[in-house]
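Below are my comments on the model you sent.

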Amino acid sequence: MAMGGKRFAILLCAEDSDYVKKLYGGYFGVFVRMLAEEGEIWNVYRVASGEFPEDDEIGLFDGFVITGSCNDAHGNDVWICKLLNLLKKLDSMKKTILGICFGHQILARALGGKTGRNVAGWDIGVRAIHLSSSNHFSSLKIPATLSIIECHRDEVRELPPKAEVIAWSEKTGIEMFKYGKHIMGIQGHPEYTKDILLHLIDRLLNRDLIVESYAKEMKEKLGTCEPDREALRKLCISFLKGGL
């Protein structure tokens, strides 16, 4: 094991699709590909299957990443309640936590905010998000508007006390938030490629979660726009490892 290397844990809240398993080694592989750098140790806990870090393991990690999920962040499944407790504990230890999509919502909930269905319905595709003018990102030299892949119908409705909105879009008021220096949530999916989203659209259609005409429209739109994956990657890495 690399000595002195930083350690990170991915709290996996989704079931891996066969496609993502075959191509990327599951969502863990997708996140490691985006975030991991030389000399680091990355572990995964499949929290949606009830696999959580032990209390004495938590302290070993420099940072945690919470993934997306098919579950609702406002639900009360046993694993979700357990995750809420873990996040409160990590917050009290001032551990660095990055939440993505469901992860962004569950973080807001754990810290005292409110989540729920977005009244405007599903948001699927590449969406322009506007970074707030406060200078969190100035050192990164990234554009003030970024394109990110979105795939959600829930949102953070109300921020936790002391949290601040750091990005918004025409569809969703809270696209990103920060809480202290150690917690950040992103509603979109910086880790997704367009092919992952295309396969996800098919899965949602097969489960009757979206209608065929909408799926077709979203797929057509996807062909015309590109997410700013490199800028998003830079943003996530500098938050996780440099405290942005």
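Which residues in α4 meet which residues in α5?

1. The model is a predicted one. On the α4 side, the residues that meet α5 are Trp79, Ile80, Leu83, Leu84, Leu87 and Lys88. Their partners in α5 are Phe102, Ile106, Leu107, Arg109 and Ala110.

2. Helix α4 covers residues 78-92, and helix α5 covers residues 102-110. Their axes come within 9 Å and cross at roughly 65°. Angles of 65 to 115 degrees count as roughly perpendicular, and α4 and α5 are therefore described as roughly perpendicular to each other. The crossing of α4 and α5 is right-handed.

3. Asp91 also belongs to α4. Asp91 is buried yet has no salt bridge. The nearest side chain of opposite charge is that of Lys94, 4.5 Å away, whereas a salt bridge needs a side-chain nitrogen of Lys or Arg within 4 Å of a carboxyl oxygen.

4. What else is Asp91 in contact with, leaving aside its neighbours within four places in sequence? The contacts are Ile97, Leu111, Tyr179, His182 and Ile183.

5. The second pair is helix α6 (residues 194-206) with helix α7 (residues 212-222). These helices pack at an angle of about 175°, and their axes are 10 Å apart. That angle makes α6 roughly antiparallel to α7. From α6, the contact is made by Lys194, Leu197, Leu198, Ile201, Asp202 and Leu205. From α7, Glu212, Ala215, Met218, Lys219 and Leu222 take part.

Note on methods: Residues numbered from 1 in each chain as written. Predicted model: local features only at pLDDT ≥ 70, side-chain atom pairs only at ≥ 80, totals over all residues. Heavy atoms only, no water. Helix = DSSP H or I, 4+ residues; strand = E, 2+ residues; numbered from the N terminus. Buried < 20%, exposed > 50% of the residue type's maximum accessible area, 1.4 Å probe, protein only. Lys, Arg positive; Asp, Glu negative; His and termini not counted. Contact = heavy atoms within 4.5 Å. Axes fitted to C-alpha atoms, helices over the stretch in contact; angles between N-to-C directions. Parallel < 35°, antiparallel > 145°, perpendicular 65-115°, else oblique. Left-handed = near helix turned anticlockwise from the far one by under 90°.
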